[in-house]
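Open the model in your viewer and keep the selection tool ready. The stops below go from one selection to the next.

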Amino acid sequence: MPFNANANRILYDHRNKKLPLAILIHHNFFFSCIYAISIAASSFEKWRKFDSTNSLNSSLLLPVYWTWVVVEALRLYSGQRGILLDRVPELVAFFLLSFFPQSFIVLYMGFLQETILVWDRWINVIMMAAIRGIHFIHTY
């Protein structure tokens, strides 16, 4: 079989284009772990100590957090699998899960609750930047 330099160059260019996305997904995993621990502590503190005047807010706090945890695990798994196996359906699932439930949950956790602690806004702004950064890197 003859050596095809053009095909190797195309493969090399393709792999280099996915490298920033792979690095961002890898670092997003570690940041999501830190985010999960800090938001869990914050949610438990709000649920235990603060009296909410809105019963809907207090009843939504923990289910929204656990929904974020489950969806985030699925999102990161599909992103890693899509990058490593170079499969489009997993990457599409990753991007859809990043946009639809995760963005709205992060907005709720950081800005729409009745009681917002000091670190809630900052950690949620950073998480939203990480989610939006993935879309920016992908379109770049």
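**A stop in a loop**

Select Asp86, which is partly exposed, with a relative accessible area of 40%; buried means under 20%, exposed over 50% and partly exposed in between, with a 1.4 Å probe and protein chains only. This is a predicted model, in which local features need pLDDT of at least 70 and side-chain atom pairs count only at pLDDT 80 or more, while totals for chains, interfaces and linings use all residues. Residues are numbered from 1 along each chain as its sequence is written, and side-chain values use heavy atoms, with hydrogens and water left out.

Asp86 sits in the loop between H2 and H3. Its phi is positive, about 55°, although Asp86 is not a glycine. Most residues other than glycine have a negative phi.

**The whole chain**

Now show everything as a cartoon. The protein has four helices and zero strands; helices (H or I, at least four residues) and strands (E, at least two) are DSSP runs, numbered from the N terminus. Of the 140 residues, 35% count as buried.

**Helix H2**

Select residues 55-85, which form H2. H2 has 31 residues and reaches 45 Å from its first C-alpha to its last, close to the 45 Å expected at 1.5 Å a residue; the expected span is 1.5 Å times one less than the number of residues. Go to Leu61, where H2 bends by about 35°, with Pro63 following within four residues. The bend is the angle between axes fitted to the seven residues ending at a residue and the seven starting there.

**Helix H3**

Next select residues 88-111, the 24 residues of H3, which should span 34 Å; the end C-alpha atoms are 33 Å apart, which agrees. At Gln102, H3 bends by about 40°.

**H2 against H3**

Show both helices together. How do the axes of H2 and H3 cross? They come within 9 Å and cross at roughly 155°, with axes fitted to C-alpha atoms over the stretch in contact and angles running from 0 to 180 degrees between N-to-C directions. That makes H2 roughly antiparallel to H3, a term for angles over 145 degrees. The residues of this contact divide into 17 nonpolar, seven polar and four charged; Ala, Val, Leu, Ile, Met, Phe, Trp, Tyr, Cys and Pro count as nonpolar, Asp, Glu, Lys and Arg as charged, and the others, Gly among them, as polar.

Finish at Ile116, in the loop between H3 and helix H4 (118-139). Ile116 is partly exposed, with a relative accessible area of 24%.

Definitions and conventions. Angles under 35 degrees count as roughly parallel, over 145 as roughly antiparallel, 65 to 115 as roughly perpendicular and the rest as oblique.
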